[in-house]
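Subject: Structure handover

Hi,

Here is the structure I promised to send over.

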Amino acid sequence: MREIIQHMLFPEGDMPAEQFELYYRGLCGVVLSEQGEQKMAVGRFQQIAFDTYFNGCSIQKWKEYTTIRKASLFLEACGSFLLSMYGCSLNQMEPQRKSYGWRRYDLTKRSVVEIEIPDDDMQIAGLELRTLSDVEIYGGGCIGDFPDSREINLSIVTTTCRKEAFIKKNIHLLYHALLSRKDETAQHLFVHIVDNGRTLKASDFPKHEHIYLHSNKNTGGSGGFARGILESVYQKKQREQKEKITHIQLMDDDILLQPDSIYRTYILLKHLKRERQDDFISGAMLYMERAFIQKEDVGMVSRNAEFVPLKREFNHKDLRENLMNEKKYPDAENCYAAWWYCCMPVSVVKKYGLPLPLFVRGDDIEYGLRCRPRFLTMNGICVWHMGFVGKMNAAMDFYQVDRNLLIIRAVSGVLKNVRILRKLRMDFLRSILRFDYDSAQLVVRALEDYLKGPEFIKKDCGEQILKENSRLVHMMKPLETLGTFEAMVGSPYEKIELGRIERLIYKITCNGHLLFPEGRLRREMMSVPFNDVYIPGRAAFRTKLLAVNPAAGTGYLLVRDKKRFWRLVIRYCRAVRRYRRDNSRLMEEYAASKHELMSERFWREYLEI
């Protein structure tokens, strides 16, 4: 059977239009819309190539993942032009482009031309066009020939909480691009919107038999995604969705979506090789603020309990970076697919159960580590998402992450080689030594709540905990309302080195909190990073610090408080002592609760449905 495996994409909307090199290389063409259909107008004597992140065909991966027998590139256009197909591969570390010959076309009306991709050793295949007259390009893409296919019903689950603008835009985009087409693909796509904020109504979305809205308790991302999975897979009476879902795609709400990523995912699923049918498809995250930079497509937990990408960041304007992204990477320990775009087979969900009730942070990590699938990635399967550098939130990054890492290891038996307690210790010390006592308190609270055992997370108190912890999150204020002019000069990230004696005194006295003369403390205010970047030389022996976010021009004050320092140190030491005494027993209790916490019955009671 022959079918289109990917469509040619043009820049659409303000943000992608500025990054047209994700779509094609050459002079910036003009994309026009007529009656809901796009076309690109290219002037005479121009050169334009489509071997790009979105429009290059990842033929090597189609061969690796699917039963594809052969493939062709096609172009729908009008005008006179020379056309060639290029195969692109990495030769060691440099890109090599091989032309498979040029052919002239003089098309007096809108027509389709097709070029077969040779069975050659290439990673990406793409078309290059040299215009001899004004040319209009209406579309194109890649067609694959497959021996057969399997029936796929894909349920897209997205959970939201008071982010109405994002979710409305994405669902309308999905509807107009895919569901409204009434073709074979649309018949097998379903959308489940889980509204944790209970602020949405059915009329906010297009009326369609495959779009479902579920009002849900605010049980965080894990509860929202669990509800979506329940509605897709575990319906008791088949109230609405009659079709048997084969795959679940979990997707964040605060993203910018390229709908053809969904289409390509669906086609991949239809034609996966038998040995790849339990794999997860992991969509990449590109930065919304730098639309051509890929942050991650597969993540991993490092030995120091940091969440890091398996690959480095790639600039997808660059052909070499496109090809580097398509390389095979060695299997690494503790890998996962983030739930901004993650597609998994229902057979795996039924085998391994539902997410853990962690509210937010770490549910996707735990699930990937629990199931241990292989991950399929491909250029062009992605979303745009805001970066995390400017989104430091101690209630999330210290309490939720630190607590949940301990729970994940105890329940699922993963992350055995990860130094989680060391992370807690470093989070506590770095916070308290720079007078950020609120963040240090959140770290202590994370450990104390873990010590309460599995009965604690069985209770639906995630929203209440988040509200309580939010009181300890610093309010960012405009810099002009804070501190002194001197503290705002220079970068808070600039290192200040301490001498050997100063470093020793800094450690022994816990930055002047212990056995240090008050009169020798420095009264001048110093700026420090607002996030978890730790620069001891900037905080050393000060009485006040100004935590600065240079990008936003905001910050907050940190003031030395010896009494609070000692209260927190004593509380932390007591919690660590209890951890060392009781953790073996707690690990057994958490592990014993594993099947209950992941069960349909537990989640129905937890969500009150």
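Is the crossing of H10 and H12 left-handed or right-handed? It is right-handed (left-handed is when the near helix is turned anticlockwise from the far one by less than a right angle, right-handed when clockwise).

Before the rest, some housekeeping. This is a predicted model, with local features needing pLDDT of at least 70 and side-chain atom pairs counting only at pLDDT 80 or more, while totals for chains, interfaces and linings use all residues. Residues are numbered from 1 along each chain as its sequence is written, and side-chain values use heavy atoms, with hydrogens and water left out. Helices (H or I, at least four residues) and strands (E, at least two) are DSSP runs numbered from the N terminus.

Back to the helix pair. Two packed helices are described by the angle between their axes and the distance between the axes. Helix H10 (residues 394-412) packs on helix H12 (residues 437-450) at about 25°, and the axes are 8 Å apart. (Axes are lines fitted to C-alpha atoms, for helices over the stretch in contact, and angles run from 0 to 180 degrees between N-to-C directions.) That makes H10 roughly parallel to H12; the classes are roughly parallel under 35 degrees, roughly antiparallel over 145, roughly perpendicular from 65 to 115, and oblique for the rest. Contact here means heavy atoms within 4.5 Å. On the H10 side the contact includes Phe398, Tyr399 and Leu406, and on the H12 side Leu442, Val443 and Tyr450 are among the residues involved. By class, the contact of H10 with H12 has twelve nonpolar, one polar and four charged residues (nonpolar: Ala, Val, Leu, Ile, Met, Phe, Trp, Tyr, Cys and Pro; charged: Asp, Glu, Lys and Arg; polar: the others, Gly among them).

H10 has another partner, helix H18 (residues 562-592): their axes come within 7 Å and cross at roughly 55°, so H10 and H18 are oblique to each other. Leu406, Ile407, Arg409, Ala410 and Val411 of H10 meet Tyr579, Met587, Tyr590 and Ala591 of H18. That contact divides into eight nonpolar residues, no polar and one charged.

Next, helix H20 (residues 600-607). Six of its eight residues are buried, so H20 is largely enclosed by the rest of the structure (buried is under 20% relative accessible area, exposed over 50%, partly exposed in between, with a 1.4 Å probe and protein chains only). The buried ones are Glu600, Phe602, Trp603, Arg604, Tyr606 and Leu607. Their cover includes helix H5 (220-233), helix H13 (454-458) and helix H19 (594-597). After H20 comes Glu608, with a positive phi near 60°.

Two other non-glycine residues have positive phi. Arg162 has phi near 60° and sits in the loop between strand E10 (154-160) and helix H3 (164-177). Asn511 has phi of about 55°, lies in the loop between helix H16 (500-508) and strand E26 (526-529), and is buried at 0% relative accessible area.

Gln6, in strand E1 (residues 2-7), is buried at 2%, and its side chain reaches the backbone oxygen of Gly56 at 3.3 Å. Val348, in helix H8 (residues 346-352), is buried at 7%. Val348 and Phe280 are 68 residues apart in sequence, with their C-alpha atoms 9.5 Å apart.

Cheers

Terms used: Polar contact = N/O pair within 3.5 Å; in protein donor to acceptor, adjacent residues only side chain to side chain.
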